Amino acid sequence: MSLPQFVRLVEVGPRDGLQNEAQPVSVAAKVQLVDDLSAAGLSYIEVGSFVSPKWVPQMAGSAQVFAQIQRKDAVTYAALTPNFRGFEDAMASGVTEVAVFAAASEAFSQRNINCSISESLERFVPIMEAARLYGVNVRGYVSCVLGCPYEGKVAPEQVASVANELFAMGCYEISLGDTIGTGTPGATRQLFETVAGKIPRGKLAGHFHDTYGQALANIYASLLEGIQVFDTSIAGLGGCPYAKGASGNVATEDVLYMLNGLGIETGIDMDLLIAAGQRVCEVLGRHTGSRVARARLAR
Ligand code: HMG
Ligand code: MG
């Protein structure tokens, strides 16, 4: 299969990245980050989540962040909603796209959202119905697609089955999450081949955490499988609070560098992107997880 001409990057740093920061991050800093990212040309930004603050304290200010960002027409600003309460809160905050998240492993589902896979899918039904009334698109996530921190191996068929349930209930795109970053390119290709048996490739996205340094290779493998949407995190921020030791998503800067090298369009400006990453890293008092940003800033 030939490489695509255009790839859409879904920037998850403000959500997947910051949800895992131990120190509090101010609403102002989050707003600045989102605005920096839209200025850099990202067309889809996951701004926050409407989850229980007892479970993920860092996302508690998501409503204020949504109220203060400078919205651009061409940009989708999305939020994670685990249940109907979260969906209602998101609608009250003027959110125009939400994401629901399920897991391919039972143990992870219990640890992450305190219910079984089938219970989580049932919880999403009223969200899907209400979203239709609001005219809001719903994206679906499946976690642990290439391994689970509690159960180990996860069969591609199991991922395909959960992904297909989300797709059948109306999620317009399904993002397959390598939550713990253990996947390798061969397994990634096999996964997409299996899931594509049920869902068109154009409706699938890849979400690779970079714990084992495999994310770029996995994205390249996914491109060869006809996948054109990838979730990435500015400066490689983040991890998952319920997957101990898992590092952040692959850095947006590093994916952009690879895509630029392949001649694939994204609409994103590298200099502005690196500046956005630099600013948030200064706020957080940490080093960037992007090798490209490090190399560029050392020049
Ligand atoms: P629960 O304890 O089973 O729910 O949590 P509950 O209904 O019994 O409610 C418990 C308390 O939470 C109650 O408050 C509710 O009001 C409140 P209390 O009466 O004790 O004061 N509550 C809420 N508060 C705010 N917003 C809400 C909400 N719902 C209930 N929406 C629940 C179930 C799903 C709420 C909880 O487990 C939760 O919030 N989990 C979120 C976990 C999470 O955000 N994980 C990280 C995101 S997923 C991820 O990172 C993976 C991904 O990146 C892909 C990948 O990498 O694989 C997407
Ligand atoms: Mg994630």
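Good morning. A polar side-chain atom of T179 lies 2.6 Å from an oxygen atom of ligand 1, which is a polar contact, here a pair of N or O atoms within 3.5 Å. Taken alone, ligand 1 exposes 1100 Å², and the protein buries 76% of that area; accessible areas come from the Shrake-Rupley method with a 1.4 Å probe.

A word on the source. This is a predicted model, in which local features need pLDDT of at least 70 and side-chain atom pairs count only at pLDDT 80 or more, while totals for chains, interfaces and linings use all residues. Residues are numbered from 1 along each chain as its sequence is written, chains are lettered from A and ligands numbered from 1 in the order in which they are written, and side-chain values use heavy atoms, with hydrogens and water left out.

Let me return to the ligand. The backbone also takes part: a polar backbone atom of S52 is 2.9 Å from an oxygen atom of ligand 1, and a backbone N or O atom of G86 lies 3.3 Å from a nitrogen atom of ligand 1.

Which residues come nearest to ligand 1? They are K54, N112, N114, S143 and T179, out of 27 residues around ligand 1, where a residue is near if one of its heavy atoms lies within 4 Å. By class, this shell has 11 nonpolar, 11 polar and 5 charged residues, with Gly counted among the polar ones.

Where does ligand 1 sit? The space taken by ligand 1 is the largest pocket, meaning that more than half of the ligand's atoms lie within 2 Å of the pocket's grid points. A pocket is an open set of points on a 1 Å grid over the protein atoms alone, where a 1.4 Å probe fits, with protein on both sides within 12 Å along at least five of seven lines; lining residues have an atom within 4 Å of a point.

The largest pocket has a volume of about 720 Å³. Its lining comprises 37 residues, of which V51, S52, V56, P82 and F101 lie nearest the centre.

Finally, the second largest pocket has a volume of about 260 Å³. Among its 17 lining residues, D210, V250, D254, G289 and R291 lie nearest its centre. Thank you.

Technical notes: A polar contact is a pair of N or O atoms within 3.5 Å; within protein, one must be able to donate a hydrogen and the other to accept it, and residues adjacent in sequence count only if both atoms are side-chain atoms. Grid points are joined across faces, edges and corners, and a volume is the space filled by probe spheres set on the points.
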